[in-house]
Amino acid sequence: DVRAWREKGLHDLQTALGVKSVKRIEGYDISNIQGADAVGSMVVFADGIPAKNDYRRFKIRLPQRPNDTAMIREIIARRLAHREWPLPAVMVIDGGKAQLNAALTAAQHIKRIRVVALAKREEELYLPGRTILKLKESSQPLLHLMQAVRNEAHRFALSYHHKRRTKTLFKNAPPRHRKRPIKSRKTKRRR
């Protein structure tokens with residue numbers, strides 16, 4: 001049963017983090033090519049289900065050079081500046097120790113949010129205080145929940161980066177190449 005699996009993953013996360021509730025989980029990722037057209041994404045899972053109306057994207061304001069930790073710090077700080085957005089129980093950062101520390105720096109003034117980082121290679125969940133939870137060795141529902149949050153943040157960041165990059169390439173193209181591609185239109189059949 002999908003619902004039971006999702007609830008088990010939420011319960012296991014709650015237990016692993018030692019929190020009362022994990023109703024709102026936010027996932028963060030950044031996307032760029034050598035710092036160019038850098039963007040960040042925020043996805044939201046409410047009760048383990050994507051809440052797409054709450055997704056947000058960020059155009060990175062830092063100088064165009066690769067600095068993942070500074071970019072993470074920027075998007076977390078900008079997100080927390082929006083007091084009208086509900087606070088999450090958990091923030092999941094795509095990355096390892098460095099990204100976790102950058103996010104913790106940005107979120108240090110809000111103690112009730114648990115910030116964790118999920119590293120792809122070994123599916124390790126980095127918790128504050130040097131604790132590492134190896135998700136491949138823990139419950140499968142927890143692993144799948146964390147992967148779903150991370151992968152959705154990654155997908156959302158990549159789609160926004162692709163959109164910005166296409167816009168930049170189009171803007172910088174020579175005038176003769178600036179014609180927009182023709183979108184396929186459904187033709188009406190004649191009767």
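Author: In this predicted model, the side chains of Lys23 and Asp47 meet in a salt bridge, with a distance of 3.6 Å from N to O.

Reader: Why is the contact between Lys23 and Asp47 called a salt bridge?

Author: The term asks for a side-chain nitrogen of Lys or Arg within 4 Å of a carboxyl oxygen of Asp or Glu, and because the N to O distance between Lys23 and Asp47 is 3.6 Å, the pair qualifies.

Reader: What makes Lys23 count as exposed, and what makes Asp47 count as partly exposed?

Author: Exposed means over 50% relative accessible area, so Lys23, at 53%, counts as exposed. Asp47 has 38%, which lies between the limits of 20% and 50%, and therefore it is called partly exposed.

Reader: How do you know that Asp12 and Lys8 form a salt bridge, and how are they placed in helix H1?

Author: Their N to O distance is 2.9 Å, which falls within the 4 Å cut-off, so the name applies. Asp12 and Lys8 are four residues apart in helix H1, and therefore about one helical turn separates them.

Terms used:
Residues numbered from 1 in each chain as written. Predicted model: local features only at pLDDT ≥ 70, side-chain atom pairs only at ≥ 80, totals over all residues. Heavy atoms only, no water. Helix = DSSP H or I, 4+ residues; strand = E, 2+ residues; numbered from the N terminus. Buried < 20%, exposed > 50% of the residue type's maximum accessible area, 1.4 Å probe, protein only.
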